[in-house]
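Hello,

As promised, I am passing a structure on to you. Please open it alongside this email, and my notes follow below.

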Amino acid sequence: MQQESARRSNRDRTEATRADLIAAARKLFTEKSYAETGTPEIVAAAGVTRGALYHHFADKQALFAAVVEQEAATVADEIERASPPALDARDALIAGSDAYLAAMRAPGRTRLLLLDGPAVLGRAAMDAIDNRHGNRSLREGLVAAMRAQTMTRLPAEALTMLLASAFDRAALAIEAGSSPKDYRVVLMALIDGLSPALPRAPRPVRTR
């Protein structure tokens, strides 16, 4: 029993140290950027030793990857909370889209996920992170809409990537000061434009 308690206590301390490092790194990366943040600042902010940092992460880039992964998961969680299964497919897509734009307005988030993320980790690694989180949520919503026949059937992967890129570009523009309302109007028009065209009423037959 004592050994089990000791193992649990050690595990808890290890997890707490890792969480402290990620939290400290996130704050510094968003305030100063990845390039301008050094590992001595991170360990000082986390209140741990340099050895503790390298026990949990191979280097600063590996710590940054953990920060980005956690941030992407947070955004995906906010999207999923905003679009519960009770909503129909189209409404869930729109609610999730609004949740994404709102989530990306958290201070420093666009820098982490849309600027420093691809630059530091590379496009392939960033795509893999996105596909585990936000893109996965978007793809599931698109597939649900297509199955419900409220959206034209299209290749799901290509559609997910292109729509995700549009949302990312909107988030960057809004961060830079553009009108959130304007971008939302266009993004909603994109979603509605994917809906199947309504059948036209038959023309009346002319009789003589």
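The protein chain exposes about 12,400 Å², and carbon and sulfur atoms supply 55% of that area. Buried residues make up 38% of the 208 residues in the chain. Please keep in mind that this is a predicted model. The average pLDDT of the chain is 89, and 90% of the residues score at least 70. One stretch to treat separately is residues 198-203, where pLDDT stays under 50. For that stretch the model has 0 contacts beyond four places in sequence.

Now to the overall build. The chain holds 10 helices and 0 strands, so it is more spread out than a compact globule: the radius of gyration is 22 Å, well over the 17 Å that the globule rule gives for 208 residues. Taken along the principal axes, the C-alpha atoms fill a box of roughly 95 × 45 × 25 Å. Among contacts between residues at least 6 apart in sequence, 67% join residues at least 24 apart.

How many residues of α5 are buried? The count is 11 of 15, so the helix is mostly covered. Among the buried ones are Leu93, Ile94, Tyr100 and Leu101, along with several alanines including Ala89 and Ala103. And what do the buried residues of α5 pack against? Their partners are α4 (60-82), α6 (109-121), α8 (134-147), α9 (156-175) and α10 (180-193).

Thr39 sits in helix α2 (residues 39-46) and is buried, with a relative accessible area of 10%. Leaving aside residues up to four places away in sequence, Thr39 touches Arg50, Leu53, Tyr54 and Lys60. Asn135 belongs to helix α8, and Asn135 is buried with a relative accessible area of 10%. With the nearby stretch of sequence (up to four places away) not counted, Asn135 touches Asp130, Thr160, Met161 and Ala164.

The loops have a few details to show as well. Ser179 lies in the loop between α9 and α10. Ser179 is partly exposed, at 30% relative accessible area, and its side chain reaches the backbone nitrogen of Asp182 at 3.1 Å.

Finally, a word on backbone angles. Most residues other than glycine have a negative phi. Ser33 has a positive phi, near 90°, and is found in the loop between α1 (2-32) and α2. Gln149 also has a positive value, with phi near 65°, and is placed in the loop between α8 and α9. Are these two residues buried or exposed? Ser33 counts as buried because its relative accessibility is 10%, under the 20% cut-off. Gln149 counts as exposed because its relative accessibility is 64%, over the 50% cut-off.

Key
Residues numbered from 1 in each chain as written. Predicted model: local features only at pLDDT ≥ 70, side-chain atom pairs only at ≥ 80, totals over all residues. Heavy atoms only, no water. Buried < 20%, exposed > 50% of the residue type's maximum accessible area, 1.4 Å probe, protein only. Helix = DSSP H or I, 4+ residues; strand = E, 2+ residues; numbered from the N terminus. Contact = heavy atoms within 4.5 Å. Rg over C-alpha atoms; globule rule 2.2 N^0.38 Å. Areas by Shrake-Rupley, 256 points an atom, 1.4 Å probe, with all protein chains shown as cover. pLDDT = per-residue confidence, 0-100. Polar contact = N/O pair within 3.5 Å; in protein donor to acceptor, adjacent residues only side chain to side chain.
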